[in-house]
Amino acid sequence: MAERVFRDHPPHTGTRFADAFADLVRRHQSMVFTIALHYLADRPAAEELAQDVFLQLHANLANLKSEEHVTFWLRKVTAHRCIDYKRRRTLPQVSLEEVAEPSEPARSEDPFLARKLRQVIASLPERPRLVMILRYQEDMGPEEIAEALSLPVGTVKSHLQRTLALLREKVSRSIGEVTI
Amino acid sequence: MTDKNMNLEDELKSALRRQQAPPHFTERVLAQIAEQNSSTQAVRTPWWSIFTQPLLRWAAVTATAASLVIGGIHYRTVQRERTQGEAAKQQLMLALRIAGNKLQLAKARVNEINATPSTNRSRSEEE
């Protein structure tokens, strides 16, 4: 996409370029917004952060070579911006009630369990939280996550294992050994 | 992987699935980009716009070239005057050294005459 945008419309202005960029935003806005939402557990903050990410994308589009490159770049920049955002602003601790509710009905059998999982993930430290979001929201492998977060693959695998164990324990404690 | 793990991972995928961005998200992003572009242009306008006019551009080039030529001439004049001053200073120093040597010689001569014995002087007076 980026390649096509720049091959067909070299300057950063013009209606056709704007249309092509708008298509690019529409294709990726859900991904960027949801990573930020799951990380920050704050809808307005997630929207603000996602908009900043797309402004940065607009400024850096010339350096991106393909659609896959754009996707990788967006995930990486969103993840790093989430960490920076959280460090700059101390957001209030999330409670079970405050965790973002999905706009579509959950495919899960148990909406309470899904809510509990999101709440536990929102309370994790920054790196494990991002690892979990990228693994289970974006279905990325440990190697891809390691590259996006500039972490060793071993660290990513270890975060995944420990967080899964922690989640199982926390969810079991609050819900009981029903479905997990 | 155990069934428990599979279940938990499935639940996680479901809980963390992608959600729709807020309505009109794309439009707001594009509006911000347009705003950013216009503000960047407004900031650039005051000093860039001067040189977009050909007459002013040539005037600026001419003024720069003239300044360079005048500056060069002035620099060379100063350098020449400095060289001439250095040469004059060297000549003066040489003249002073020569005059000093002459004075030393004259003083030595006077001392020599004064030191001649008085008998020699009286004999020469009798003769």
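Asp139(A) is partly exposed, at 48% relative accessibility. Its side chain meets that of Arg135(A) in a salt bridge, with 3.4 Å from N to O. Arg135(A), by contrast, is buried, with a relative accessible area of 19%. The model is predicted. Over all chains, a search of the whole structure finds 10 salt bridges.

**Salt bridges within a chain**

- In chain A, Arg26(A) forms a salt bridge with Asp23(A), and the closest N and O atoms are 3.3 Å apart.
- These two residues are three apart in helix H2 of chain A, so about one helical turn separates Arg26(A) from Asp23(A).
- Arg26(A) counts as partly exposed at 42% relative accessibility, and Asp23(A) is partly exposed with a relative accessible area of 37%.
- In chain B, Arg109(B) forms a salt bridge with Glu112(B), where the closest N and O atoms are 3.8 Å apart.
- Arg109(B) and Glu112(B) lie three residues apart in helix H3 (residues 54-114) of chain B, which means that about one helical turn separates them.
- Both Arg109(B) and Glu112(B) are exposed.

**A buried arginine without a salt bridge**

- Arg129(A) sits in helix H6 (residues 126-136) of chain A.
- Arg129(A) is buried but has no salt bridge; the nearest side chain of opposite charge is that of Glu126(A), 6.7 Å away.
- Beyond neighbours within four places in sequence, Arg129(A) is in contact with residues including His38(A), Lys86(A), Ile121(A) and Ala122(A).

**The interface of chain A and chain B**

- The contact involves 45 residues from chain A and 27 residues from chain B.
- About 3600 Å² is buried between the two chains, and carbon and sulfur atoms give 57% of this area.
- Three salt bridges are found across the interface.
- Arg18(B) and Glu138(A) meet through their side chains in a salt bridge at 2.5 Å, N to O.
- Arg75(A), Glu138(A) and Arg18(B) are linked in a network of salt bridges.
- Nine residue pairs are in polar contact between chain A and chain B.
- On the side of chain A that touches chain B, the elements giving two or more residues are helix H2 (15-40), helix H3 (43-60), helix H5 (111-122), H6 and helix H8 (153-175).
- H2(A) gives the most to that side, with 12 residues.
- The residues on that side of chain A divide into 23 nonpolar, 10 polar and 12 charged.

Note on methods: Residues numbered from 1 in each chain as written. Chains lettered and ligands numbered in written order. Predicted model: local features only at pLDDT ≥ 70, side-chain atom pairs only at ≥ 80, totals over all residues. Heavy atoms only, no water. Helix = DSSP H or I, 4+ residues; strand = E, 2+ residues; numbered from the N terminus. Buried < 20%, exposed > 50% of the residue type's maximum accessible area, 1.4 Å probe, protein only. Lys, Arg positive; Asp, Glu negative; His and termini not counted. Salt bridge = Lys/Arg side-chain N within 4 Å of Asp/Glu carboxyl O. Contact = heavy atoms within 4.5 Å. Buried area = accessible area lost by both parts, 1.4 Å probe. Polar contact = N/O pair within 3.5 Å; in protein donor to acceptor, adjacent residues only side chain to side chain. Nonpolar A, V, L, I, M, F, W, Y, C, P; charged D, E, K, R; others polar.
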